[in-house]
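Q: I have just opened this one and would like a walk through it. Could you take me along slowly?

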Amino acid sequence: MPSSATDTAVGSTGSSGTSWSDVTSSESSLRRFLHGLPGVDQVGANARAAALGTRSIKTTAKAQALDLAIRMVDLTTLEGQDTPGKVRALAAKAMRPDPTDPTCPATAAVCVYPDLVPVAVEALGDSGVHVAAVATAFPAGRAAMDVKLADTRAAVAAGAAEIDMVIDRGAFLAGRYQLVHDEIVAVKEACRRPDGTSAHLKVILETGELATYDNVRRASWLAMTAGGDFIKTSPGKVSPAATLPVTMIMLEAVRDYRAATGEIIGVKPAGGIRTTKDAIKYLVTVQEVAGPEWMDPDLFRFGASSLLNDLLLQRQKMATGRYSGPDYVTND
Amino acid sequence: MQLEYAPAPESRGVVDLKPSYGLFVDGEFVDGHGTSFKTLNPASEEVLAEVAEASDADVDAAVKAARRAHSRTWGRMPGAERAKYLFRIARIIQERSRELAVLESLDNGKPIKEARDVDVPQVAANFFYFAGWADKLEHAGHGTESIGVAGQVIPWNFPLLMLAWKVAPALACGNTVVLKPAETTPLTALLFAEICQQADLPPGVVNVVTGAGATGQAVVSHPDVDKVAFTGSTEVGKAIARAVAGTDKRLTLELGGKAANIVFEDAPIDQAVEGLVTGIFFNQGHVCCAGSRLLVQESVADEVLERLRRRMSTLRVGDPLDKNTDVGAINSAEQLARIRELSAAGEAEGAERWSPACDLPERGYWFAPTVFTGVSQAHRIAREEIFGPVLSVLTFRTPDEAVDKANNTPYGLSAGVWTEKGSRILQMAGALRAGVVWANTFNQFDPTSPFGGYKESGYGREGGRHGLAAYLKGGE
Amino acid sequence: MARLDVRKTYKLYVGGAFPRSESGYTYEVLDAKGRFVANASLASRKDARDAVVAARKAFGGWSSRTAYNRGQVLYRVAEMVEDRRPQFVAAVQQAEGLTAARAGGVVDATVDRLVWYAGWTDKLTQVVGNANPVSGPFFNLTTPEPTGVVAVLAPQASSLLGLVSTLAPVIATGNTCVVVSSYARPLPAVTLAEALATSDVPGGVVNLLTGSAATLGPWLAAHMDVNAIDLGGVVGLDGAEGSSQQLATELEVAAADNLKRVRRAPAAEPDWTAGPGLDTMTDFVELKTVWHPMGV
């Protein structure tokens, strides 16, 4: 990183999160670090993202991209009206997205509210499809800390392999970075299982509320230094949703974090990605900005619900050469 | 996993290439009386067409046609009517935009992505912009009286866009035009002539005479040409300035450059790297205002270069008609030889050369994106315009040193500065002796925005209200 | 017995100092009736070279003065000329052979011209600059900036008003200059130099050489550190070496060596009492366009 503050920080960092202690030990050092990150010019970032969006992905590359995108989907249902039946149907869809085609890969995960984790765990069994749970008083995050931690622990105890947490945007915008940081650290701790393993933590930055790309970059670094395994744009079920430039900036952050620490962090855009065309733009951005290494469901996910069906329609078109229709994919 | 981009070629079917092309004089395509020449696709060395060379007599006929059109129709026509012709041309350009883009890419070697998304939309925008001026000249501050016949000689790097920069303001102001496109890229100008026919533009208002240097010379030195506009090399620009000396001809010149792109330690680093890439690899670096010198603050030099190299590794070099191509073909064997010569000089003088791994096609004219580090002001690659995808990297320590180095060139066309500090931007923008300063951006163009150089980068401005001055008697 | 007067030595004005020509040459200046008046310094090409160095050195400071300040300085020059009105009237009378009343009118017009340009310094940017509504999220502004070092071949006939009318716009816009005065009528220029030296014009902003435009012009036109040239003084220089038209062409050809901005010589010396146009200033400015993104 270019700034001297960052150089110092990165220079003293080994390969594990604990060595960020110099930076994260106080509000002021954390502020110095985050504000020492290079700025993001909004117009330039938008232009770059738009240019990446003009890549034309055809034929074999498209077939490859479609399967990869399906494998990256966190098939999500986050509604007040969710029921065990709904979750079971979603799980079935996740395991076998296209019942007519056994070559179609499964999605990465099913993402549900914590109370429905047991249903999802049971339905998915040993299929390899992970159960992800949104926790920490999702989506607003406005609850007491012990409530958020209890929410997290319950989801992990019920078998969630992945926890999607929301940061305290109010605290972030008020400049209380230490508070945000410590909260992530505490949730990460709550992700720990009795056997010493840990559920993967996805930190939702709620980038729409952060308002500027500079804040997105800072929040990304804050989440990474606090121990997040993934950084995620937005809750996914509420607007504003993910955008390509925001995701690009987060991809730059994980790329730079990796260069600085050797640690590799995942990225998950969520919400608003509905078409194959969109998904492919994201994949191109992942590949060209972060690098081919991130073209992996362990490091990049789409938080989405309707995207999957469009991917399936396109996949059928690739296989048969004719355009498919909504009656030929399942509604779940 | 690496996503292998499959070839995504744009179809050539939209272009109807004729085996041979004549000149466009007085509203008709006519045979030339010089020695016809071939225009190549620089990406494959395939002959695209045979093109007529205008002899002195052909140029004379074109000037006479332009003079007639000026005195009989175009020069007398109410501005509002001229405007409607230009609007009509702009619309036809939009309608035929894909055809123009493909033809430009074929003849020039530039990526279809750029021809499609930059050149052609800008061409239409220029005609739209200047169309609107035609009946509002009294508000522009240069009078309303046209100069007469404009002889315009344009380069091969943006064939159609440079045509638009010259033809649109000339016509809006009531002048008529004899245009000489570059020898290696005449085809889109001839397609533009066809568009003039479709628009029912009166005969003689636009004349296109193809050929090489001799034809250009005939145009600029023709005694009945009132106004000369040239975009091209500084060397030829000086020759033209000498040729018009002692005459009443008005002259504007848009010439070479060796722009500094200055990156401070507090720059928005990812956008700066993007700006460096756009600055020197856009259009294969065949850009007079290219950011061919990177001046990077020493404290961030290593980091910026590392990011630049990583970014350069994602550039896709190859078939210009592939929609995913970022860097296309070098326009001609001659230009390729020049780039190679200067790059060899860079190595010989001790600079360190680097290019990303990329497979260049066997046929055609290609040069991998290249960056030279360890360059000093005395090196040829820091002083001479390479006009290719070659970046020379120098470092500086203080803002004054950056300004000194940036200005230490006979050129003065453009400059870039990258810093998040507002007051520094404004100070730098003032101190840089260049006609266009891009701060936290690079290579932006717009019909409303004047473009042109200081010092040996030429004189006069193209674009904007100021661009009218070159084509009106009161614009001196 | 009448007191013997003390004559002035007419020298060059370079870098704020009054040197003699390095060549040691002078030439006889005659009044309108052909009577000897003085020996003026005959500037050599080396004097021209030194003057260019002085002008270049002064350019950074002068061009970065605020427009308001340049206006104040030019107004101060007007004050100095007005203050020495009798001296200027006598000089013009002597040089141009005018009546005292007509010479007085010339000096008044000269002062008024200086005042006019003094008022322009902080307005030209507003009149010829532009905010450009580009089609994208960019702030885009075009402003005039001085071209640099300008060589001025001052008019041959109008020794003061013509001189000031060509010189004032050049410095009003922030350029510095090397001026070759009228050959036959150089003394008002020297007097003007003395007024400039006592006004607040920094040394080197205006450098005044007395001598031959035909001799010095080619050196200045070819000088690679001169950015622009006003060929107005070529008018009426027809002589043994060729017509003024030939000289003008020769100078314009030489000027192309570094693409100097050239203000061509008119067919005949203009009526300097007529109000000047904006072109006197815009011929020696560059337009700079600055782009910056607009984002949060």
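A: Chain B holds 15 helices and 18 strands, where helices (H or I, at least four residues) and strands (E, at least two) are DSSP runs numbered from the N terminus. Please keep in mind that this is a predicted model, in which local features need pLDDT of at least 70 and side-chain atom pairs count only at pLDDT 80 or more, while totals for chains, interfaces and linings use all residues. Residues are numbered from 1 along each chain as its sequence is written, and chains are lettered from A and ligands numbered from 1 in the order in which they are written.

Q: How compact is chain B, then?

A: Its radius of gyration is 22 Å, close to the 23 Å that the globule rule gives for 476 residues, so chain B is as compact as a globular protein of that length; the radius is taken over C-alpha atoms, and the rule is 2.2 Å times the number of residues to the power 0.38.

Q: And how much of chain B is buried?

A: Buried residues make up 64% of the 476 residues in chain B, a residue being buried if 20 or more other C-beta atoms, placed from the backbone, lie within 10 Å of its own.

Q: Which residues of helix H1 of chain B are buried?

A: In helix H1 (residues 56–74) of chain B they include B:Asp58, B:Val59, B:His70 and B:Trp74. The buried residues of H1(B) pack against several elements of chain B, among them helix H2 (79–95) and strand E6 (149–153).

Q: Switching to sheets, which strands sit at the edges of the ten-stranded one?

A: The ten strands form an open sheet with mixed pairing, and its edge strands, each pairing on one side only, are strand E13 (352–354) of chain B and strand E3 (130–131) of chain C. Two strands pair if DSSP finds at least two bridges between them, and E13(B) pairs with strand E14 (residues 370–373) of chain B in the antiparallel sense over three bridges.

Q: What about helices H4 and H6 of chain C, how do they pack?

A: Helix H4 (residues 100–120) and helix H6 (residues 161–172) of chain C pack at an angle of about 10°, with their axes 10 Å apart. H4(C) and H6(C) are therefore roughly parallel to each other, a label for angles under 35 degrees.

Q: Last one: how many residues of chain C are in contact with chain A?

A: Five residues of chain C are in contact with five residues of chain A, contact meaning that their C-beta atoms, placed from the backbone, lie within 7 Å.

Definitions and conventions. Contact = placed C-beta atoms within 7 Å. Buried ≥ 20, exposed ≤ 12 C-beta atoms within 10 Å, placed from the backbone. Axes fitted to C-alpha atoms, helices over the stretch in contact; angles between N-to-C directions. Parallel < 35°, antiparallel > 145°, perpendicular 65-115°, else oblique.
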